[in-house]
Amino acid sequence: MGCSLSQVSQTARIRNFIAQYKNEVEFFGIKYVTEKTTHMSVRNELSEGLHTQFDSGVRIEVMFNQHIGYASTTDLSDEGLLRAFNFAKNQTKHLSTQKAYPFPHSIRTKSEGTYRSQIQKPLDTLSLTEIQTVLRDCTARMNESPLIFFRSASVSIVETEEVKWDSLGSEWIQNFSIVNLDLAVRAQNQGDIQTRSHNLCLQIGAEVFLRSLLFPITDQITKEVLELAHAPPCPTETRDLLVSPDQMALQIHETVGHPLEIDRILGDERNYAGWSFVNMADFGHLKYGGPKMNITFEPDRFSELASYKFDDSGLKSEKQYLIKDGILMSGLGSLESAERGQTQPVANSRSSSWNRPPIDRMANLNLESGRKPLTEIIAGIEKGIWVSTNRSWSIDDYRRKFQFGCEYGMLIEDGQLKHVVKNPNYHGVSVPFWNKLTEISNEAGVYGSYYCGKGEPNQLIRVGHTSPYCLFKDVEIF
Ligand SMILES: [Zn+2]
């Protein structure tokens, strides 16, 4: 206990251990995960807490009689690893008598390499006190009006190392440097409370804690919350809907990402996270959106939240089009799910940590940029509304009907930005909504979600979404 398995001597020990027991099964893999997370938050210039947690353990994966099984442990001694190995082997032996799904041995291949988040300054080059001071300075800058009563800045700083070895001779190491930073400001006017917030969630280093980066964001949300404090409510009518990249991230996540998960389509998640309106027969045919809609699965794109080189099965990540020119081409299925669904796999077999089995997850799911500048898109809108930043969401089990509320809205009339409206909401049905997509801007924003939930027992996983500004024709707003 307490030793890092990525050290050279430990690597030799793990390789020997795998060599000693691999003949008892058809495949034997060990994945080691260690993670350090520091949370800190500041509210109204006062520290609300600072704590650091460490987590580490291993997951054993075996294949026996063409069935895959898992066990995990925090006991990294040879005895501890053997106990976990025997547990996984016995569970898998039992499972294989049920003939759940016999996988071919080719479902696992040898993988070797390293991955490291591309950062400018390692996270430990700034002291926690220095970071706390930056957060406090952000909340102090929000103190612009007596109407403002809540000013908050909080951050999670995460350093993760994953190491994988298996009986095919695979060995890879992945190191992640992650920051999830939230800024929020609230104002109250005549009993009505309005919030503006901003979330930065990326693989990034200490360079994110620059005042020159954070102060313009702080100033913008402070200005906008005061506009909202005096704004009329959003009207109820049909308008063209211009959606900012931060809200588009959720639109992509909920109405493209989750419905395209193959394990969900196959019914694995029906009991908990839900099913999907998409059928396996839709791939290659379904007109999912307007002709400008191109959605890519892109874990190999650097610096997004869910960038990596290998998924948990050892499959190397590469960019793949899920929706090309509006047509649904492919889904989010791991090697196992793709085998069961007889479709193309993507490298999306991911677990939230060492103590969970991998399932089909999103990783980076991006909407490709278009050619038009935002100003040109706005100039072409006769009667519209521009909405930013999610405030609330609701979506059915099949990911078909949705309703999203945003923090900030601005009406557009005859190509001109008019006035701000508060509490803008819109609703739609996934595929018909995406078919209303008519314009995509040439600039994009990079966002991420730190808390995508799925699986029983629950797994919270990190996903990234890059999106441009998007215009949807004739959407019901309220
Ligand atoms: Zn999710």
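A nonpolar core is a set of buried Ala, Val, Leu, Ile, Met, Phe, Trp, Tyr and Cys residues joined through C-beta atoms within 7 Å. In this predicted model, the largest such core has 96 residues. The chain itself is divided into domain 1 (8-229) and domain 2 (237-477), and each of the two supplies at least three residues to that core.

**Nonpolar cores**

- Within the core of 96 residues, those with the most contacts inside it are Leu 241, Leu 242 and Ile 385.
- Another core, of 23 residues, lies apart from the largest one and includes Ile 18, Phe 64, Phe 85 and Val 163.
- In soluble globular proteins, nonpolar side chains tend to be buried together.

**Surroundings of Leu 242**

- Leaving aside residues up to four places away in sequence, Leu 242 touches Ile 377, Ile 381, Gly 384, Ile 385, Trp 386, Ile 412, Tyr 469 and Leu 471.

**Contact between the domains**

- A distance of 22 Å separates the C-alpha centres of domain 1 and domain 2.
- Domain 1 contributes 35 residues to the contact, and domain 2 contributes 30 residues.
- On the side of domain 1 that touches domain 2, the elements that each supply at least two residues include strand E1 (27-43), strand E2 (46-64), strand E6 (171-189) and helix H4 (211-229).
- E7 gives the most to this side of domain 1, with eight residues.
- By class, the side of domain 1 that touches domain 2 comprises 13 nonpolar, 14 polar and eight charged residues.

Note on methods
Residues numbered from 1 in each chain as written. Predicted model: local features only at pLDDT ≥ 70, side-chain atom pairs only at ≥ 80, totals over all residues. Buried ≥ 20, exposed ≤ 12 C-beta atoms within 10 Å, placed from the backbone. Domains from an automatic or database assignment. Contact = placed C-beta atoms within 7 Å. Helix = DSSP H or I, 4+ residues; strand = E, 2+ residues; numbered from the N terminus. Nonpolar A, V, L, I, M, F, W, Y, C, P; charged D, E, K, R; others polar.
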